[in-house]
Amino acid sequence: MHIRTGDTVLVRIGNDKGTRGKVLKIDREAGKLVVENVNRVMKHVRRSQKNPQGGRLSKEMPLPLANVMLVCPTCGKASRTGARLTNEGAKERYCKKCRAGIGQIAPPRTKSAGTGK
Ligand SMILES: [Zn+2]
C-alpha cells in the first residue's frame, strides 16, 4: 500500500462507499487514514470554556487503510499500484491500469549494489 498524504482515494467499504476524497492524514501505526469529507461525524459539543457556544461540530474520523483504493491521477480510475524503478534508479509508484507513474517513493540510489529483492 503506497498511499500518501494529498493522494486522492476511493472509499470501497462503509457508509461512504464510492466517495472520492483527498487524504488528509495517515497513521501508519494504526493502519488508518483520514479522508476529506469521508466518515464525517457530528460531534455534539457541550458548552465549555474552550467552546462557549457549544453546538455541533463535524469531523472526519479515521478509517482503515484497507477500505480505500488509490485513484490514479492520470486515468482517474481507482487502481492497484505497483512499485518500479525508473531509468534514474529511483523507486516510483505506478498505476497498473494505465502504467503511468504516480510519484516517486524513494530517491535514486547512488550505490550500485542494491539490496536485491
Ligand atoms: Zn492510471
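Contact here means heavy atoms within 4.5 Å. This is a predicted model, in which local features need pLDDT of at least 70 and side-chain atom pairs count only at pLDDT 80 or more, while totals for chains, interfaces and linings use all residues. Residues are numbered from 1 along each chain as its sequence is written, and side-chain values use heavy atoms, with hydrogens and water left out.

Start with the whole chain. Its secondary structure comes to zero helices and 10 strands. Helices (H or I, at least four residues) and strands (E, at least two) are DSSP runs, numbered from the N terminus. The radius of gyration is 19 Å, well over the 13 Å that the globule rule gives for 117 residues, so the chain is more spread out than a compact globule. That radius is taken over C-alpha atoms, and the globule rule is 2.2 Å times the number of residues to the power 0.38. The C-alpha atoms fill a box of roughly 60 × 30 × 20 Å along the principal axes. Buried residues make up 26% of the 117 residues. Buried means under 20% relative accessible area, exposed over 50%, and partly exposed in between, with a 1.4 Å probe and protein chains only. Among the contacts with a separation of 6 or more, 34% are accounted for by residues 24 or more positions apart.

Next comes the sheet. Five strands form an open sheet in the order E6-E3-E2-E1-E7, with antiparallel pairing. Strand E6 (63–64) and strand E7 (68–70) stand at the edges, each with a single partner strand, so one side of each is left without a neighbour in the sheet. Two strands pair if DSSP finds at least two bridges between them. Strand E3 (residues 32–35) and E6 are joined by two bridges and run antiparallel. Here Leu 33 has Leu 63 in E6 as its bridge partner. Strands of a sheet pair through backbone hydrogen bonds, either parallel or antiparallel.

Lys 25 belongs to strand E2 (residues 20–27). Its relative accessible area is 55%, so Lys 25 is exposed. Leaving aside neighbours within four places in sequence, Lys 25 is in contact with Thr 5, Lys 32, Leu 33 and Val 34. Leu 33 is the residue that bridges to Leu 63.

Now turn to the metal. Which residues coordinate the zinc ion? The donors are Cys 72 (SG), Cys 75 (SG), Cys 95 (SG) and Cys 98 (SG), at 2.3 to 2.4 Å. Donors are N, O and S atoms within 2.8 Å of the metal (3.2 Å for Na, K and Ca); water is not among the atoms, so sites may look incomplete. Along the chain, the zinc donors follow the spacing C-x2-C-x19-C-x2-C. Cys 72, in the loop between E7 and E8, and Cys 95, in strand E9, are 23 residues apart and link distant parts of the chain. Both Cys 72 and Cys 95 are buried. The zinc site is tetrahedral, with angles of 105 to 114° among its four donor atoms. Four donors count as tetrahedral if all angles lie between 85 and 135 degrees; four count as square planar and six as octahedral if opposite donors are over 155 degrees apart and all others between 65 and 115; anything else is irregular.

Ser 79 sits in the loop between E7 and strand E8 (81–85). With 3% relative accessibility, Ser 79 counts as buried. Beyond four places in sequence, Ser 79 is in contact with Met 69, Leu 70, Cys 72, Cys 95 and Lys 97. Two of these, Cys 72 and Cys 95, are zinc donors. The Ser 79 side chain also reaches the backbone oxygen of Lys 77 at 3.1 Å.

Glu 92 is in strand E9. At 15% relative accessibility, Glu 92 counts as buried. Its side chain makes a polar contact with the side chain of Arg 84 (2.7 Å). A polar contact is a pair of N or O atoms within 3.5 Å; within protein, one must be able to donate a hydrogen and the other to accept it, and residues adjacent in sequence count only if both atoms are side-chain atoms. Not counting residues up to four places away in sequence, Glu 92 touches Gly 82, Ala 83, Arg 84, Thr 86, Gly 101, Gly 103, Gln 104 and Ile 105.

Two loop residues remain. Asn 37 lies between E3 and strand E4 (40–45), and has a positive phi of about 65° although it is not a glycine. Arg 99 lies between strand E9 (91–95) and strand E10 (101–106), with a positive phi near 65°. Most residues other than glycine have a negative phi.
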